[in-house]
Amino acid sequence: MRIEEDLKLGFRDVLFRPKRSTLNSRAQVELNREFTFKHSGRRWSGVPVIAANMDTVATFAMARALARHEMLTAVHKHYSVEQWQAFVTESGAEVLKHVIVSTGTSDKDFEKLQQILALSDDLGFICIDVANGYSEHFAAFVSRVREQCPQHTIIAGNVVTGEMVEELILCGADIVKVGIGPGSVCTTRVKTGVGYPQLSAIIECADAAHGLGGQIIGDGGCTCPGDVAKAFGGGADFVMLGGMLAAHEECGGELIERDGKQYMKFYGMSSASAMDKHSGGVAKYRAAEGKTVELAYRGPVDNTVNDVLGGVRSTCTYVGAQRLKELTKRTTFIRVREQENNVYGKE
């Protein structure tokens, strides 16, 4: 047993230190980024914010909505091949190039992945998604997919430490998904005692990935636009959002009406709700590691997207970053014990 003494930080532990800026308006900030991925060699440009691959969030409808903003959607893995075929038939290349195909790590998942990718050459992203990316089986599966799909951009995760980021990139991942336990409907830290404060995980994993020519996604922990900006400031190339994009018209959660108000169900993908729906219940050898909550229905996602992107643009003006790519170089975080004045409650 050993103890690491240095303090690890979450988004609530820091604020940006403002710096002199030559920007006159938020409209001058460019949020689009362009990447050429290490293994696939593919080039992609767009706004590097991703809808998390949860069945209550990352639907086909969400993919169409976010593509209009040049954002990505990691479409959840529970759609059938037939449903994918209908979606691909109805969608143009401008939508499909902003779509990520999610998969698990079983032989059945591998076969299904091949069938989906065969539907269109415009499906260029794969997300190999598991809660615990530290198993040898997972790394081997990443290698297997890379061998079979040499021209696809592979996302793999989740992990939170630099050495595992390096291993996954060397196994064939272009992008590594970073985050264990920070999500709003994740209870992994409570059930297992395992986790890593998200901002420190991003800072450390970004350093490891960039040293090998890879990228990372900061997955989880964002509760407001300021957190999204902090993730980018810490070095994340992409930021993945679940709860912030939940309960919208484009989502897949059950809509509930109570006392004249509308709510939508939102749950973690390791929750009892998800396992009851997709796996016939919680297996006896494991515990559910997610919550099920009801969120106030928020209508179309466009307003939320504009709020998030507007907040990140504002951050950039405060530190003098004309392009999102420059944000991490312009970032100085200060440690704090307070974030906001809640005397009148939260917005």
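**View 1. Leu 168 and its contacts in the predicted model.** Leu 168 touches Phe 138, Ala 139, Val 142, Ala 156, Val 159, Ala 173 and Val 176, leaving aside residues up to four places away in sequence; contact means heavy atoms within 4.5 Å. This is a predicted model, in which local features need pLDDT of at least 70 and side-chain atom pairs count only at pLDDT 80 or more, while totals for chains, interfaces and linings use all residues. Residues are numbered from 1 along each chain as its sequence is written, and side-chain values use heavy atoms, without hydrogens and water.

**View 2. The largest nonpolar core.** Trp 84 and Leu 168 touch the most other members of this core of 106 residues. The largest share, 7 residues, comes from H8. A nonpolar core is a set of buried Ala, Val, Leu, Ile, Met, Phe, Trp, Tyr and Cys residues joined through side-chain atoms within 4.5 Å; buried means under 20% relative accessible area, exposed over 50%, and partly exposed in between (1.4 Å probe, protein chains only).

**View 3. Helix H8.** Helices (H or I, at least four residues) and strands (E, at least two) are DSSP runs, numbered from the N terminus. Among the buried residues of H8 are Leu 199, Ile 202 and Cys 205. Just after H8, Gly 213 takes a positive phi of about 80 degrees.

**View 4. Gln 215.** Gln 215 lies in strand S10 (residues 215-219) and counts as buried because its relative accessibility is 9%. Its contacts beyond four places in sequence include Phe 35, Asp 174, His 210 and Phe 238.
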